Structures are given as structure tokens and as C-alpha cells.
Amino acid sequence: MKERLVQIESDAERAIAQSANLRDIEEARLRFWGKKGELTAVLRGMAALTPEERPAAGQLVNEARARIEARLSEAEARLTRLALEQKIAAETLDITLPGKRRSPGHKHPITLATEAICETFLGMGYQIAEGPEIEIDHFNFELLNIPKDHPARDTQDTFYIDDDVVLRTHTSPVQVRTMLTRPLPIKIICPGRVYRVDTADATHSPVFHQIEGLVVDRGITMGDLVGALSTFAKNIFGEDTKIRLRPHHFQFTEPSAEVDVTCWECGGKGCRLCKNEGFIELLGAGVVNPKVLKMCGIDPEVYSGFAFGLGIERVATCKYNINSMRLLYENDIRFLRQF
Ligand SMILES: [Zn+2]
């Protein structure tokens, strides 16, 4: 047994000396001390000795074991230190490396169009009003003269949260909230995100952006509306731009009109873009329905107003000559950089 112990010890010494890292040490420990380890086997073999032989043999094994363990611990400490030193060396900050460049980004065409439209109306003395995107049915529909079960609701496929709460289908509830809370006269624009159950294609998206305008004061007429929209069209599409009103129907305005602007491609002569019309449809507008004023606590005998609403995507695609609305949502930086 003595010879076996000497052999194990010299094997252990060699294994420890050859250990390059902590895993090698762990393997060496298992090799000698594990369940099937060589020293463990020697200890088991002691059962075959006579009771007289056991104490001396036990002492030999214990001594060998202590020496091996001491060598293992020493090697372990040395390799731990080495690993730490290597880690520190690897993590040294190289201050000569070039920094990471952060791209400053670029304004999205929807943002650019929103800013251009807002600036135009701010210049005419309008204030910006905002409201929640999750809206109650009462503000989104009922106070705008669109009661429950009215066919006008069919044209606005709505995301319902529950029977009374919807994702707003237009920014008109901001007009309602303003009429209910702000003192008269009112002169606001409401930019914001709106939602409808629409499948995305070249001209539709379930999420899009609107800007609506509302003016309520004494003696407001259709003439004031034409003046405001005419100034807007010139500012956005150029000095020579003219507008044209065609009769239409909206629940919250009476009379109502669809508003076209002269084609920016041909200047009104007629071309492929405007389908030889000379005009391109841009927005809806009208004189605020007296019923709506009344429901919002304003006396229609004293006050009158006009309202208009336009899609920002529509303005952006027209102004920047973009042929599909989808491009606006893909966020391809190569596309966005062009504006
Ligand atoms: Zn044209």
C-alpha cells in the first residue's frame, strides 16, 4: 500500500504542476478524491487490513492526503489570481479606439407635415388643443351628432374597448372637450393620432394622423372657412394654389363640403396625377351644426363656427410626392432621409 501511495502522490504532483486553469485543478481533485478517486480506492482497501495494521496505514493515507490537498489549494490560489489578472488585462480601456458615432436622426415626413400645418394655423392665431386617444363614445360620437345606431357610424370602423369606450376615430372629440370647457371665442387646431379598423394599403392604415380645426365666435360664416383654408393651401402647396368646395354631408357640420386644392403637378390644367380634374381632394369642412353647438352648451342663436379636418398622411404624401402611405410606416432610414 505504501508503494501505491507514493505512486499516487507523484501522479498528483505531476497533474497539479500541469494544471493550466481552475478547471484542471477541479479535475485533478476529482481524480484523486472523487467517488471513484485513486485515494478513495486506497481508503476503501483498508477494510481488508487487520485491526493491528489499520492505524499505521491510516496515518500514511492521511499524511499523503494532506500533502496533496495542500498542493491543490496552493495551485488553486495561484490560478485564481492568474485568472483575475488576465481578466483585468483583457478589460483594460483602450482610449485610442474611435468612439461610437450616434446618428442624429431625421424628422419623419408626418412630423414635418404636422409642423408645417401647425405653423400655418398658429400664424393665423389658432391655439393647439390635445386630448386622449382612448375616448368615451359620448365625446367621440354622440356629442358630434352621431347617436348610437346611426348609419354614419358604419363609415368609421371603430376599435371598441367596451360599449362606452373607444379608440378615437377622429380628433373631433378634442373639439367637443374644448367647447365644453374653454371660454368663447374658440380658435383651435387639434393634431393627433386616430384609429380605425382598416387594413393597411396604399391609402389606408389602422393608425393615422389628423389635424382638425374649430373656430367658434359671433358671426362666423362659410366665408371665414374659405379664407382660412385658402391661406393654409397657399402656405403648404405654394402661392398659386386655389381651393374648391364641393357640397358634401357630415353629421357635425351643416352645410358641409369636401375641399380640393389645385393640382401641384399641373397647376390646374389637368394631368395624370389629378386624373385631368385640375384639382385634388384634400379635406372635409363645414359650418358647425347648431345641434352640436347646443349639445356642447353653446347658444347657436348667438354663436356660430366652422370646422375642418384633414389627414396628415394625405398632406405628407401630397406635399412630398409619396405614392404609398405604407412607406410612411416602414421607417426605412434611406426613405426618411429624403425629406
Ligand atoms: Zn394635375
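Helices here are DSSP runs of H or I with at least four residues, and strands are runs of E with at least two, both numbered from the N terminus. Because this is a predicted model, local features need pLDDT of at least 70 and side-chain atom pairs count only at pLDDT 80 or more, while totals for chains, interfaces and linings use all residues. Residues are numbered from 1 along each chain as its sequence is written.

Within helix 4, the residues Ala64, Arg65, Ile68 and Leu72 are buried, where buried means that 20 or more other C-beta atoms, placed from the backbone, lie within 10 Å of a residue's own, exposed means 12 or fewer, and partly exposed lies in between. The cover over these buried residues of helix 4 includes helix 1 (2–18), helix 2 (22–33) and helix 3 (38–45).

The domain assignment, which is automatic or from a database, gives domain 1 (2–90) and domain 2 (109–336), and the centres of the two, taken over C-alpha atoms, are 84 Å apart.

Helix 5 (residues 109–123) packs with helix 10 (residues 312–319) at an angle of about 100°, and their axes are 9 Å apart. Helix 5 is therefore roughly perpendicular to helix 10, a term for angles of 65 to 115 degrees. Pro109, Ile110, Ala113, Thr114 and Ile117 of helix 5 meet Ile312, Glu313, Val315, Ala316 and Lys319 of helix 10, contact being counted when C-beta atoms, placed from the backbone, lie within 7 Å.

Most residues other than glycine have a negative phi, and most peptide bonds are trans. The table lists sites that depart from this pattern.

| Site | Value |
|---|---|
| Leu184 to Pro185, cis peptide bond | omega about -5° |
| Glu254 to Pro255, cis peptide bond | omega near 0° |
| Asn145, positive phi | phi near 70° |
| Asn331, positive phi | phi near 55° |

Pro185 lies in the loop between helix 7 (172–181) and strand 4 (186–195), whereas Pro255 is found in strand 7 (residues 253–262). Asn145 sits in the loop between helix 6 (137–140) and strand 3 (165–167), and it counts as buried because it has 20 C-beta neighbours inside 10 Å. Asn331 is placed in the loop between helix 11 (327–330) and helix 12 (333–336), and Asn331 counts as exposed because it has 9 C-beta neighbours inside 10 Å.

Note on methods: Axes fitted to C-alpha atoms, helices over the stretch in contact; angles between N-to-C directions. Parallel < 35°, antiparallel > 145°, perpendicular 65-115°, else oblique. Contact = placed C-beta atoms within 7 Å.
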